[in-house]
Amino acid sequence: MEHIPLNFPFLAAALLVGISFYIIIFKKNLIKLIMGIAMLASGVNLFLVSLGYRAGGVAPIYTDVPEGPMVLSVPQALTLTSIVINVAVLALMLTMVIRIYRHTGSLDSEKSRKMKG
Amino acid sequence: MDTLITHSSILIIAIPLLTAFLTPLIGMASKKARNTLLIVSLAFVAFLVFALARDISINGIHIYTLGAASPDLTAPKGFIVPVRIILEVDGMSILMGIIWSIVSLAAAIFSLSHIASETGQNRFYTLLLLMVTGGFGMMFTGDLFNLFVFLEIASISGAALIAFRTKFADTQEGGFKYIVVSAIASLMVLFAIGLLYAQYNLLNIGALAQAIQYTTPDKIALALLVIAFAMKLGAIPLHMWVPDSYAVAPAGISAMLVVSSQVSMYALFRVCFTLFGVTLNMYTVGWIVIILGMLSMFIGVTMAIPQTDIKRLMSYHAISQSGYMLLGVGVGLAVLGDPNALATYGREAMSGGIFHIINHAMYKGLLFLTAGALFYRVGHRDLNRMGGLGHKMKLTSIFFIIGALSIAGIPPFNGFASKFMIYESVYQFNPILSAIAMLVSLITLASFVKAFQSAFTGPPLPEYKEVKEAPKSMLIGMGILAAAIVFFSVFPGLIVHHIVDPATNALINQGAYVNGIMGGTP
């Protein structure tokens with residue numbers, strides 16, 4: 001890890017968020033839209049978890065601690081919660097898309113939408 | 001009783017959560033027992049909310065620290081920042097709590113017969129109670145990350161409830177739009193929370209408010225939070241999901257979704273006033289909120305005019321009405337740094353906006369429930385094909401009139417009381433804004449006269465010969481909200497003095513919120 005610049009994960013997170021917003025706004029296929037949201041979630045999770053990274057830090061388990069800085073476990077806890085929530089959200093979205101496909105026979109957001117105006 | 005009040009804030013969140021997972025078990029044994037459990041638990045929660053409201057009006061901000069030796073011990077010995085999960089309930093939170101408890105109780109009673117013919121009712125009530133949990137959690141939490149978690153709980157259960165009647169294609173579309181918007185908004189909230197946490201290592205709103213510096217990442221976080229909550233509350237450039245989702249949801253859920261959008265508005269105000277508060281460039285942010293409000297108000301009402309679907313029409317009015325709240329509170333936000341202007345009109349504008357939140361939740365909830373009763377008896381939502389229903393559904397039409405007059409701001413109804421406070425105070429800030437607000441109110445009246453005329457008046461139509469008055473539980477649900485409207489109309493001064501003014505003070509007085517958390521650690 002020594003040779004990777006410290007802000008490298010943040011750039012990756014920003015890139016993921018940028019790409020996913022492009023997908024969410026411009027793609028017409030509902031499954032691709034869901035993939036965009038999954039990528040957005042991964043970008044945010046990567047950002048959160050890289051906040052908690054300290055070079056050479058150790059896990060905050062108090063028995064038999066080696067020397068060196070201890071990592072605060074809050075960002076990891078946040079990321080874990082966020083991952084769990086996003087699994088639920090993605091599963092719900094996919095079930096709804098299956099229902100939409102059964103009712104309308106299309107996954108194109110222009111063709112399958114019924115309500116306008 | 002004292003113990004009950006000390007622990008009431010966590011009980012208000014925990015009781016619906018536990019009942020949510022009890023309902024399917026009990027529902028397998030007996031439907032009647034399940035329905036009783038649902039109503040009793042929601043009624044008990046409403047009782048706790050009112051008891052807590054009384055306690056807050058006497059003793060000030062209510063703090064509850066989970067897992068601490070005593071509930072008000074926010075920071076353990078040796079710590080200078082709060083580390084535990086903390087619930088903080090002030091005047092503004094409890095105002096939202098009162099609204100949410102009344103509307104969810106009315107919606108649950110209404111749904112008893114509204115969804116009686118559907119399959120999977122046990123799951124419906126589980127989701128309904130989870131949504132109640134999420135809403136209360138968002139109002140009462142003193143912690144940004146828990147705000148995100150409860151936002152997600154409310155959104156997921158809300159989306160599942162919108163899409164509950166899977167036999168219709170449009171419900172799936174409405175539910176999908178809602179969950180997409182909610183997922184994007186809540187991920188933006190999470191990103192903003194990450195930005196704030198990266199700088200201050202804090203998640204508690206009160207502690208963050210004390211530490212915040214208003215650096216560039218803070219500004220980005222503020223922008224993300226404002227966009228995300230504006231998206232969730234359906235302010236105009238981000239409103240496209242509102243009519244689709246509200247219109248297709250079961251009617252009780254539409255009424256609850258209105259309040260759930262207002263809870264997002266509460267989160268927006270909490271972020272602007274309490275989290276950023278005096279460090280903020282209030283004039284700019286205030287004007288952004290005002291412009292969002294004006295756009296919502298005007299475009300919402302103009303989009304409502306051509307609608308023929310009764311619930312779609314009401315949904316556009318919901319957008320339009322939320323503009324009034326944003327306008328009122330936005331004016332207060334814009335003059336927050338100027339004590340003179342705040343005292344002359346800013347405080348009154350904010351009280352008007354906040355009072356309008358209560359009134360809107362009641363009358364828009366009632367209108368959605370009457371629309372649900374019509375749908376239940378008639379089988380469609382098309383205004384052009386309805387007519388003469390007032391002969392058969394007398395009580396429903398009376399409830400509709402109460403709601404319609406109130407939303408149009410006709411004196412002496414409660415909609416007039418709050419709108420008048422907004423007109424009067426906003427006029428001193430900027431007369432043009434006030435004039436547009438009055439114009440919008442007139443168009444609202446015209447639109448509801450049209451809706452009433454096409455649904456209820458005229459000769460009885462032969463195809464609706466079989467139509468009867470709505471079932472009893474629906475009438476009780478509508479009656480609760482109608483009674484609340486009449487009560488607010490008769491005693492507006494009482495409500496403003498005891499509920500609305502403390503909420504306004506809670507928003508303006510950032511220091512009290514911070515002291516509630518940090519008070520023990522000088």
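## Chain B: overall fold

Within chain B, take the contacts between residues at least 6 apart in sequence: 80% of these join residues at least 24 apart. The model is predicted. Chain B has 20 helices and two strands. Of its 522 residues, 63% are buried.

Along the principal axes, the C-alpha atoms of chain B fill a box of roughly 75 × 60 × 40 Å. A compact globule of 522 residues would have a radius of gyration near 24 Å. Chain B has 22 Å, which agrees.

## Chain A: overall fold

Chain A has four helices and zero strands. From the N terminus on, its elements run α-α-α-α. The radius of gyration of chain A is 20 Å, while the globule rule gives 13 Å for 117 residues. The value for chain A is well over that, so chain A is more spread out than a compact globule. Its C-alpha atoms fill a box of roughly 60 × 30 × 25 Å along the principal axes.

Buried residues make up 25% of the 117 residues in chain A. Among contacts in chain A between residues at least 6 apart in sequence, 51% join residues at least 24 apart.

## Confidence in chain A

The mean pLDDT of chain A is 86. In this chain, 93% of the residues reach 70 or more. Confidence is highest in helix α2 (residues 30-51) of chain A, at a mean of 93. It is lowest in helix α4 (residues 109-112) of chain A, at 77. Where pLDDT is low, the predicted coordinates should not be read in detail.

## Where the chains meet

The contact between the chains takes 26 residues from chain A and 25 residues from chain B. On the chain B side, α6 (144-162) and α7 (169-200) each supply at least two residues. Helix α7(B) gives the most, with 16 residues. By class, the side of chain B that touches chain A has 17 nonpolar, four polar and four charged residues.

## A helix pair in chain B

Two packed helices are described by the angle between their axes and the distance between the axes. Here the pair is helix α15 (residues 394-407) and helix α17 (residues 431-456) of chain B. Their axes come within 9 Å and cross at roughly 170°. That angle makes α15(B) roughly antiparallel to α17(B).

From α15(B), the residues in this contact are Ser397(B), Phe400(B), Ile401(B), Ala404(B) and Ile407(B). They meet Thr444(B), Phe448(B), Phe452(B) and Phe456(B) in α17(B). By class, the contact of α15(B) with α17(B) has seven nonpolar, two polar and no charged residues.

## Backbone details in chain B

A cis peptide bond joins Pro411(B) and Pro412(B), with omega about 5°. Pro412(B) is found in the loop between α15 and α16 (414-429) of chain B.

Asn201(B) is a residue other than glycine with a positive phi, near 55°. Asn201(B) is found in the loop between α7 and α8 (205-211) of chain B. Asn201(B) has 15 C-beta neighbours inside 10 Å, so it counts as partly exposed. Tyr214(B), also not a glycine, has a positive phi near 65°. Tyr214(B) is placed in the loop between α8 and α9 (216-233) of chain B. With 13 C-beta neighbours inside 10 Å, Tyr214(B) counts as partly exposed.

How values were computed
Residues numbered from 1 in each chain as written. Chains lettered and ligands numbered in written order. Predicted model: local features only at pLDDT ≥ 70, side-chain atom pairs only at ≥ 80, totals over all residues. Contact = placed C-beta atoms within 7 Å. Nonpolar A, V, L, I, M, F, W, Y, C, P; charged D, E, K, R; others polar. Rg over C-alpha atoms; globule rule 2.2 N^0.38 Å. Buried ≥ 20, exposed ≤ 12 C-beta atoms within 10 Å, placed from the backbone. pLDDT = per-residue confidence, 0-100. Axes fitted to C-alpha atoms, helices over the stretch in contact; angles between N-to-C directions. Parallel < 35°, antiparallel > 145°, perpendicular 65-115°, else oblique.
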